[in-house]
Amino acid sequence: MVITSRQNPLVKDILALKEKKGRRAQGLYIAEGLKPVREALASGAAVKKIIYSQEFSGAEELLRTQPISGAETVAVSAGVFEKLSEEASPQGVLALVSIPDCTPVQPQGSCLLLDGVSDPGNLGTIIRTANAAGYCDIYLRNCADPFAPKCVRATMSGIFFVRLHIGEGVLQALGDTPLVCADMGGENVFLFSPPQKFCLVIGSEANGVSVEVRALCKYTVKIPMRHTCESLNAGVSAGILMYELQKKAGRVRV
């Protein structure tokens with residue numbers, strides 16, 4: 001059976017997932033595109049449904065070669081998929097994935113605390129880079145919704161391979177992990193020697209790290225810049241700092 005009506009209840013449910021209220025109500029988020037769907041399945045994420053356009057040429061191969069693990073597969077018309085898609089050029093497949101339990105717990109190694117990162121694109125880029133650089137635990141305080149379609153897309157599948165910690169108790173869950181604040185008033189990060197285990201703190205794009213969190217930080221580091229540059233994008237800054245601190249801690253080679 002192929003769903004051809006945009007008024008179909010399932011179609012309406014999927015459209016509702018584009019908003020935070022709908023994601024909360026259903027406990028699901030959207031991962032769109034062939035690579036994200038494949039990696040969601042490969043990561044062990046709880047994929048509930050795979051929705052594909054009847055014109056998607058890769059559907060048969062995807063369903064044959066990937067471990068579907070009980071996920072329901074649903075075909076829709078090209079017009080319906082176009083309505084569901086967030087992409088300018090849809091690939092024709094998306095997955096509905098269960099939002100994981102994000103209750104804050106202690107980190108297993110060096111980690112990130114994102115304090116007020118409000119742009120979904122920046123948040124997704126940071127999650128993507130954190131996965132690449134080996135930061136498995138990411139704590140979110142007053143941030144954009146990491147399960148919004150724009151953010152999930154910007155993570156480039158990184159969201160499936162990190163642990164997100166959200167809600168009450170984020171700061172308490174960090175325990176005695178030393179906080180390293182990113183701020184232009186800090187020590188040159190290229191001269192800084194981090195502790196073996198630490199939490200890198202990245203603040204909001206507009207205001208930096210909040211007063212409350214800054215008061216908890218043991219160290220402050222900066223990225224040196226020419227006088228002609230006032231600041232860097234939050235995602236770029238986070239990427240430089242993540243890799244440099246991991247290098248100093250002996251966990252990456254460059």
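Visitor: How many salt bridges does the structure hold?
Guide: The model is predicted, with local features needing pLDDT of at least 70 and side-chain atom pairs counting only at pLDDT 80 or more, while totals for chains, interfaces and linings use all residues. Residues are numbered from 1 along each chain as its sequence is written, and side-chain values use heavy atoms, with hydrogens and water left out. Taking a salt bridge as a side-chain nitrogen of Lys or Arg within 4 Å of a carboxyl oxygen of Asp or Glu, the structure's count is 9.

Visitor: Which helix holds both K35 and E39?
Guide: The side chains of K35 and E39 form a salt bridge, at 3.3 Å from N to O. Helices (H or I, at least four residues) and strands (E, at least two) are DSSP runs, numbered from the N terminus. Because K35 and E39 are 4 residues apart in one helix, about one helical turn separates them, and that helix, spanning residues 34–43, is α3.

Visitor: How many residues apart are K49 and E72?
Guide: A salt bridge joins the side chains of K49 and E72, at 3.5 Å from N to O. This pair links distant parts of the chain, with K49 in strand β3 (residues 47–53) and E72 in strand β4 (residues 72–76), and the separation in residues is 23.

Visitor: Is E244 buried or exposed?
Guide: E244 forms a salt bridge with K248, at 3.3 Å from N to O, and both residues lie in helix α10 (residues 234–248), 4 residues apart. Buried means under 20% relative accessible area, exposed over 50%, and partly exposed in between, with a 1.4 Å probe and protein chains only. K248 has 32% relative accessibility and therefore counts as partly exposed, whereas E244, because its relative accessible area is 10%, is buried.

Visitor: Which residues are linked with D115 in a network of salt bridges?
Guide: Side chains of opposite charge can pair when their charged atoms come close. In this model, the network that includes D115 also contains R141 and E212.

Visitor: Which residues touch the most other members of the largest nonpolar core?
Guide: A nonpolar core is a set of buried Ala, Val, Leu, Ile, Met, Phe, Trp, Tyr and Cys residues joined through side-chain atoms within 4.5 Å. Of the 51 residues in the largest such core, those touching the most other members are L112, L114, I138 and M242.

Visitor: Which helix gives this core its largest share?
Guide: The largest share of the core amounts to 5 residues, and these come from the helix at residues 120–133, α6.
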